[in-house]
Amino acid sequence: MKKIILMAGLFLCGIVQAQISVTGNNNQPITNGYVYTTNTLAQQGKLNLHVTNTSENPINLKLRVESMSGTDGQDVQFCFGSQCFFTISNGKVVPTNQGPDGMTIQPGESNGNDDHFWNFNPGTGGNIEVVLAFVQFDDAGVQIGEPLVSFTFIYSATAGTSDFNALQNMGITVGNTIVNNTLELTATQSAKMEVYNMAGQLVKTAAVKEGTFSADLSSLSAAVYIARFTNEENKTSQIRIVKN
């Protein structure tokens with residue numbers, strides 16, 4: 001009997017953690033490992049954060065800083081649950097003005113339209129990289145399980161605006177230019193992707209499908225590459241990516 005009760009308890013613990021869906025700018029899905037890169041400071045480089053509770057139970061959420069580099073944490077807007085902070089540090093959470101359990105979102109409902117993260121700090125040299133996570137808490141303020149969604153905000157002054165604009169004019173939006181394993185894309189039409197190393201050698205090809213698409217670049221070594229796209233109208237544009 002004790003064994004059966006224990007197994008039932010473990011099962012319940014496994015299903016307690018709620019599910020959420022998160023989208024960013026232009027309804028771009030934000031999933032674990034998502035990277036948002038901008039070359040623009042302040043509001044023009046803002047990452048909107050829209051969270052929906054897809055479970056059958058209310059959830060208490062906070063947005064937490066998991067790590068940061070290239071910045072002293074000053075001059076940001078770190079906003080969730082209608083509360084904003086203008087400085088961040090490792091482990092900082094928002095909101096804090098709604099009790100220890102954070103912001104409560106009912107089943108099928110979403111947060112407001114004002115939650116976001118942006119940076120207007122030029123940094124201490126190189127890129128600014130901030131890892132953020134949505135974390136669930138119980139009514140006593142105790143964290144439940146692992147973070148539900150963890151993602152990265154990067155400010156890179158060298159990211160090319162003209163390259164981004166050219167791709168968007170082709171109907172392709174790049175979600176991240178610094179890649180761990182996948183290059184996240186959204187396309188309004190199919191296209192061919194070719195990845196070249198800095199010696200001009202073709203090292204990867206992929207067929208980009210309409211909609212949200214993840215290009216697997218896990219086999220590439222850490223280096224700088226050029227990703228070239230050709231759409232159905234035979235228009236071509238390219239962007240520089242960094243593989244970690």
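Mentor: Let us begin with arginine 64, which has a relative accessibility of 16% and therefore counts as buried, since buried means under 20% relative accessible area. Please keep in mind throughout that this is a predicted model.

Trainee: With which residue does arginine 64 form a salt bridge?

Mentor: The general idea is that side chains of opposite charge can pair when their charged atoms come close. Here the partner of arginine 64 is glutamate 66, and the closest N and O atoms of the pair are 2.6 Å apart. Glutamate 66 has a relative accessible area of 30%, so this residue is partly exposed.

Trainee: How many salt bridges does the structure hold?

Mentor: There are 2 salt bridges in the structure. Lysine 192, at 43% relative accessibility, counts as partly exposed, whereas glutamate 194, with a relative accessible area of 14%, is buried.

Trainee: Which cysteines form a disulfide, and how should I read its handedness?

Mentor: In general, a disulfide is a covalent bond between the sulfur atoms of two cysteines. The structure holds 1 disulfide, formed by cysteine 79 and cysteine 84, whose sulfur atoms lie 1.9 Å apart. The handedness is read from the torsion about the S-S bond, which for cysteine 79 and cysteine 84 is about 115°, so the disulfide is right-handed.

Trainee: Are cysteine 79 and cysteine 84 buried or partly exposed?

Mentor: Cysteine 79 counts as buried at 1% relative accessibility, while cysteine 84, at 33%, counts as partly exposed.

Trainee: Turning to the whole chain, what does its secondary structure come to?

Mentor: The chain has 2 helices and 20 strands. Of its 244 residues, 45% are buried, and the accessible surface comes to about 12200 Å², with 49% of that area belonging to carbon and sulfur atoms. Among the contacts with a separation of 6 or more, 64% are accounted for by residues 24 or more positions apart.

Trainee: Which residues have the most contacts inside the largest nonpolar core?

Mentor: That core has 30 residues, and those with the most contacts inside it are Ile20, Leu63, Phe78, Phe134 and Phe151. Two or more residues each come from several elements, including β1 (20-23), β5 (59-69), β6 (74-80), β11 (128-137) and β12 (149-155). Apart from this core lies another, of 23 residues, among them Leu167, Phe213, Tyr225 and Ile241.

Trainee: Which residues does phenylalanine 151 touch?

Mentor: Leaving aside residues up to four places away in sequence, phenylalanine 151 touches a set that includes Ile30, Tyr34, Leu47, Leu63, Val130 and Phe134.

Trainee: In what order do the strands of the open sheet with β14 stand?

Mentor: This sheet has 5 strands in the order β14-β20-β19-β16-β17, and the pairing is mixed. The edges are held by β14 (178-179) and β17 (202-208), each with a single partner strand, so one side of each is left without a neighbour in the sheet.

Trainee: How many bridges join β14 to strand β20, and which residue stands opposite valine 179?

Mentor: β14 and β20 (residues 236-243) run parallel and are joined by 2 bridges, with valine 179 standing opposite lysine 243 in β20.

How values were computed: Residues are numbered from 1 along each chain as its sequence is written. This is a predicted model: local features need pLDDT of at least 70, side-chain atom pairs count only at pLDDT 80 or more; totals for chains, interfaces and linings use all residues. Side-chain values use heavy atoms; hydrogens and water are left out. A disulfide is a pair of cysteine sulfur atoms within 2.5 Å. Buried means under 20% relative accessible area, exposed over 50%, partly exposed in between (1.4 Å probe, protein chains only). Helices (H or I, at least four residues) and strands (E, at least two) are DSSP runs, numbered from the N terminus. Contact means heavy atoms within 4.5 Å. Accessible areas come from the Shrake-Rupley method with a 1.4 Å probe; for residues, only the protein chains shown count as cover. Two strands pair if DSSP finds at least two bridges between them. A nonpolar core is a set of buried Ala, Val, Leu, Ile, Met, Phe, Trp, Tyr and Cys residues joined through side-chain atoms within 4.5 Å. A salt bridge is a side-chain nitrogen of Lys or Arg within 4 Å of a carboxyl oxygen of Asp or Glu.
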